[in-house]
Amino acid sequence: MGTEAEMLDKLPSELERLQLEQHQDAPENSKGMTGTKEQCDAVEFSGTSIPTNDIVETISVSPSLQKDEDEGKEDTSDLPEAAKKKKKKSKSKKKKESLGQTDPPSIPVFELFPSGEFPEGEIQQYKDDNLWRTTSEEKRELERHEKPLYNSVRQAAEVHRQVRKYMKGIIKPGMLMTDLCETLENTVRKLISENGLQAGIAFPTGCSLNWVAAHWTPNSGDKTVLQYDDVMKLDFGTHIDGRIVDCAFTVAFNPMFDPLLEASREATNTGIKESGIDVRLCDVGAAIQEVMESYEVEINGKVFQVKSIRNLNGHSIGPYQIHAGKSVPIVKGGEQTKMEEGEFFAIETFGSTGKGYVREDLECSHYMKIFEAGHIPLRLPRAKQLLATINKHFSTLAFCRRYLDRLGESKYLMALKNLCDAGIVQPYPPLCDVKGSYVSQFEHTILLRPTCKEVISRGDDY
């Protein structure tokens, strides 16, 4: 090899010779041409990025075009491969960053939202006289102060959404009702990171079948199996720091029941739409009944008008208090009381093919300590012991006999009856319409924020 200056002088003629040879052999060596062009391009930029010595050396040591083509091939294949690897690496990094839920769900919801901010529910604007609230700076400031409260209840709602999505995928005819409830409850416990009275299940899983409208869950040893022709109301609650999300839907495998389910779903959506600050509860009830009773359902050749169950209601919700005092009727003619700013409500509707009236029946499973119950002296030591367990694990949240069994309590029925008789605990037996009828239910929790109405528990499903 000569000096670097001599080599650079020879470079243009050497390149011309190579290009001429390539042009002559073009049909045979189309790929080689690409390689040579790239080398030419590399020379053009040699002053800035590639050492000139290397390029000169590459050309001078190529005794034949074939060798040059081979080198060209290596260059072109190497570059895209490296780029591909880079792309793959960046993709895998992204996947690690956005953590998804497992199937079955097992990752606590707070881990899926590292920012600690949970998704808000569906926002609905107020109507008529309350339109001004949407843009009021004063009302927005009030909301900023309540942000931690909103975030707690949104976390509970996100748990509810993920659990019901999973349950909808696994509920099948032939399932033991006890297994269904325990699977649901254990999933809630995992996703909400159950922690005493700070986070957990808000009340027992209601899985009332057919003419049973509410408040039924299997007691230990119950062998009830879910059937294809059953209509099951799945009503369960979650809470963070006592902020309860109460939300329910109906499962029916037989499409014959679809109009019955649609009636209560649309009636519930109407109740949500009509709700708002300063709205009278009786007006919400009238709107719900009008929608509900516009539906008919044909069951085994017989047509039934869907009826609102007149002695079942939605209700206001308070901290650690599922029924906070106000009732939202689902028929016309209810109370004139108004909804107020900052209140939480469970808007729930029940559509029935029966009489549209429920009564208490069947074995009791649901119980709850009375919210206003003060200190009441108890004579039975076993009743005192059971009350201590209730206070520690449930306080004023509802519980069922299975939950007491799970805590290791046994032979407690007499003590529990004593607490009920003393006015400390309230039993909630199943509520049933006429035998042979079918009842459907849908329910959402809403929050009347100062600037808008938030349907906390709304999801993609309903």
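Author: Let's start with an open sheet of three strands, ordered E3-E16-E12, where the pairing is antiparallel. Strand E3 (212-214) and strand E12 (359-360) are the edge strands, each with a single partner, so one side of each has no neighbour in the sheet. Two strands count as paired if DSSP finds at least two bridges between them. In general, strands of a sheet pair through backbone hydrogen bonds, either parallel or antiparallel.

Before going further, a word on what you're looking at. This is a predicted model, so local features need pLDDT of at least 70 and side-chain atom pairs count only at pLDDT 80 or more, while totals for chains, interfaces and linings use all residues. Residues are numbered from 1 along each chain as its sequence is written, and side-chain values use heavy atoms, with hydrogens and water left out.

Back to the sheet. E3 pairs with strand E16 (residues 431-432) in the antiparallel sense, over two bridges.

Now hop from Ala-214 to Met-232: they are 18 residues apart along the chain, and their C-alpha atoms are separated by 9.9 Å. Met-232 sits in strand E4 (residues 231-240). Its relative accessible area is 1%, so Met-232 is buried (buried means under 20%, exposed over 50%, partly exposed in between, with a 1.4 Å probe and protein chains only). Skipping neighbours within four places in sequence, Met-232 is in contact with residues including Ile-171, Leu-209, Phe-249 and Val-251; contact means heavy atoms within 4.5 Å.

Zooming out, the protein has 13 helices and 18 strands, and 48% of its 462 residues count as buried. Among contacts between residues at least 6 apart in sequence, 76% join residues at least 24 apart.

H7 is mostly covered, with 17 of its 24 residues buried.

Last, the charges. The structure holds 23 salt bridges, each a side-chain nitrogen of Lys or Arg within 4 Å of a carboxyl oxygen of Asp or Glu. In one of them, Arg-458 meets Glu-122 with the closest N and O atoms 2.8 Å apart. Arg-458 lies in the segment after strand E18 (453-455) and Glu-122 in strand E1 (residues 122-124), so the pair ties together parts 336 residues apart in sequence. Arg-458 counts as buried at 17% relative accessibility, whereas Glu-122, at 29%, is partly exposed. Arg-449 and Glu-454 form another salt bridge, with the closest N and O atoms 2.8 Å apart. Both are buried: Arg-449 at 9% relative accessibility and Glu-454 at 0%. They also belong to a network of salt bridges that links them with Glu-120, Glu-143 and Arg-154.

Key: Helices (H or I, at least four residues) and strands (E, at least two) are DSSP runs, numbered from the N terminus.
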